[in-house]
Amino acid sequence: MTIMTSLSPRATAAPESGIVEVVNYAREREGLIPLWVGEGDLPTPDFVSRTAADALTGGETFYTWQRGIPPLREALVRYYQRRFRKALPPENFYVTGSGMQAIKLAIEAVASPGDEVVLLSPAWPNFAAAAELSGVRPVAVPLRFEGGKWQLDPERLQAAIGGRTRALFINTPSNPTGWTASHDDLKAILALARKHGLWIIADEIYALYYYLSGRAPSFLDVMEEDDRILLVNSFSKNWSMTGWRVGWIVAPPAMGQVLENLIQYSTSGVAQFMQRGAVVALDEGDGFVDENIAKAKRNRDTLCDALIATNRVETLKPDGALYAFLKIDGVKDSRAAALDIVDRTGVGLAPGTAFGEGGAPFMRACFLRDPNQIAEAAERLQRYILGR
């Protein structure tokens with residue numbers, strides 16, 4: 001027996017990220033414009049970093065509250081009152097070591113090995129992989145793609161629900177497609193969950209990146225107090241804190257001890273000095289977030305207008321999130337195309353093959369970057385597309 005054959009099959013079956021594969025292939029290239037990962041190019045704002053640094057040097061380095069320090073949970077209360085017009089008590093909030101951990105703990109809380117969770121595809125690949133690591137089978141339901149626009153098909157969603165289904169994973173606004181559920185979509189999904197006694201794991205990390213008006217529709221707008229919904233979120237996108245690995249879950253207070261236990265036996269909580277920075281991000285960071293959203297909208301228009309003008313790209317401007325998900329004429333294998341594009345143009349894109357069923361012919365480009373870089377990337381991609 002070798003080292004590898006002696007490992008857990010669940011561990012060895014964990015897939016390599018198709019996004020990271022391309023990043024590793026070309027991350028050190030000179031003149032690279034990296035649009036492949038889902039983050040902006042600005043560092044964390046100074047008022048957040050300074051607060052965390054002061055707390056670190058001030059000695060806030062001990063074990064702390066598993067559910068999150070009280071000031072952070074109270075800041076989340078204020079954030080939801082301000083942005084979602086929803087009055088929730090601190091007991092609804094649980095601080096996690098990233099949005100990724102929030103998702104993993106949500107799966108562990110509601111599903112057991114052998115169960116199934118249904119997700120909408122194309123989808124950020126980490127959810128399906130996290131489910132599989134927990135012994136839970138992800139079941140993909142493709143969104144409809146017509147005329148460059150993605151749409152939910154409730155009948156497909158209904159057909160995917162079976163006897164082992166325990167939860168629906170709904171990411172809206174969606175990574176990578178930009179699909180954003182309407183209030184009617186959310187009501188239809190919630191009706192299915194109620195009918196079948198299912199949980200909803202709602203990933204609303206891009207809720208503020210909504211380009212029609214205000215924020216995106218949220219399950220908080222349509223749910224009742226006793227609905228089985230876990231909302232997972234992160235500080236990563238709004239406040240340029242991707243490297244901090246701090247997230248949260250909005251959950252029924254009755255689950256408090258269960259979630260505390262899951263946190264205890266995975267990470268034993270988030271460093272207190274990091275949580276201090278997160279408090280300030282919530283309370284003082286609205287202006288920074290609004291500037292990020294405005295920049296993303298301008299860049300979305302710059303990039304998508306250039307791509308659509310080639311008449312060889314099938315896409316529309318997304319209603320939400322941070323990505324152009326584009327289908328270039330003649331591209332069947334987006335993994336090979338991503339490698340070719342970065343070699344020939346110096347623009348790093350994520351291959352649609354990384355995003356599961358329905359994603360193979362697409363490419364994803366994150367547009368939350370310096371506007372000059374986005375304009376340059378648009379020109380390079382235009383030349384590549386028109387030269388094919």
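1. Terms and basis. Helices (H or I, at least four residues) and strands (E, at least two) are DSSP runs, numbered from the N terminus. The model is predicted: local features need pLDDT of at least 70, side-chain atom pairs count only at pLDDT 80 or more, and totals for chains, interfaces and linings use all residues. Residues are numbered from 1 along each chain as its sequence is written, and side-chain values use heavy atoms, with hydrogens and water left out.

2. Loop between H9 and H10. Ser268 sits in the loop that runs between helix H9 (256-264) and helix H10 (272-284). Its phi is near 60°, a positive value in a residue other than glycine. Ser268 has a relative accessible area of 27%, so it is partly exposed. The cut-offs are these: buried means under 20% relative accessible area, exposed over 50%, partly exposed in between (1.4 Å probe, protein chains only).

3. Loop between H11 and S11. Asn311 also has a positive phi, about 60°, although it is not a glycine. The residue lies between H11 and strand S11 (313-314). Asn311 counts as exposed because its relative accessible area is 68%.

4. Arg300. This residue belongs to helix H11 (residues 286-309). Is Arg300 buried or exposed? Arg300 is buried, because its relative accessibility is 8%. A polar atom of the Arg300 side chain lies 2.8 Å from the backbone oxygen of Pro318. That is a polar contact (a pair of N or O atoms within 3.5 Å; within protein, one must be able to donate a hydrogen and the other to accept it, and residues adjacent in sequence count only if both atoms are side-chain atoms). Leaving aside residues up to four places away in sequence, Arg300 touches Tyr211, Asp305, Lys317, Pro318 and Phe367. Contact here means heavy atoms within 4.5 Å.

5. Helix H6. Its buried residues are Phe127, Ala130 and Ala131. Seen down the axis of H6, they fall within an arc of 100°, so they line one face of the helix. The arc is that of the directions from the helix axis to the C-beta atoms. An α-helix has 3.6 residues a turn, so residues three or four places apart point the same way. The buried residues of H6 pack against H5, S3, strand S7 (165-171) and strand S8 (199-203). After H6 comes Gly135, with a positive phi near 80°.

6. Largest pocket. On a 1 Å grid over the protein atoms alone, a cavity is a set of points where a 1.4 Å probe fits but cannot get out, and a pocket is an open set with protein on both sides within 12 Å along at least five of seven lines; lining residues have an atom within 4 Å of a point. Grid points are joined across faces, edges and corners, and a volume is the space filled by probe spheres set on the points. The largest pocket has a volume of about 640 Å³. Its lining has 26 residues, and Gly38, Trp124, Asn126, Lys237 and Arg245 lie nearest its centre. Helix H2 (18-26), helix H5 (99-110) and strand S9 (229-234) are the elements that give two or more residues to this lining. By class, the lining has 11 nonpolar, 10 polar and five charged residues. Here Ala, Val, Leu, Ile, Met, Phe, Trp, Tyr, Cys and Pro count as nonpolar, Asp, Glu, Lys and Arg as charged, and the others, Gly among them, as polar.

7. Second largest pocket. Its volume is about 360 Å³. Of its 24 lining residues, Pro15, Pro125, Asn126, Ala128 and Ala129 are the closest to its centre. Strand S3 (116-121), helix H6 (125-133) and strand S4 (137-142) each supply at least two lining residues. Which element gives the largest share of this lining? H6 does, with seven residues. The lining divides into 15 nonpolar, six polar and three charged residues.

8. Cavities. The whole structure holds two cavities of 30 Å³ or more. The largest cavity has a volume of about 70 Å³. Residues lining it include Leu120, Trp124, Phe169, Asn175 and Trp179. Its lining has seven nonpolar, three polar and no charged residues. The second largest cavity has a volume of about 30 Å³. Among its lining residues are Tyr79, Phe84, Glu204 and Asn238.

9. Cis peptide bonds. The bond from Thr172 to Pro173 is cis, with omega near -10°. Another cis bond joins Asn175 and Pro176, with omega about 20°. Pro173 is in the loop between S7 and helix H8 (183-196), and Pro176 lies in the loop between S7 and H8.
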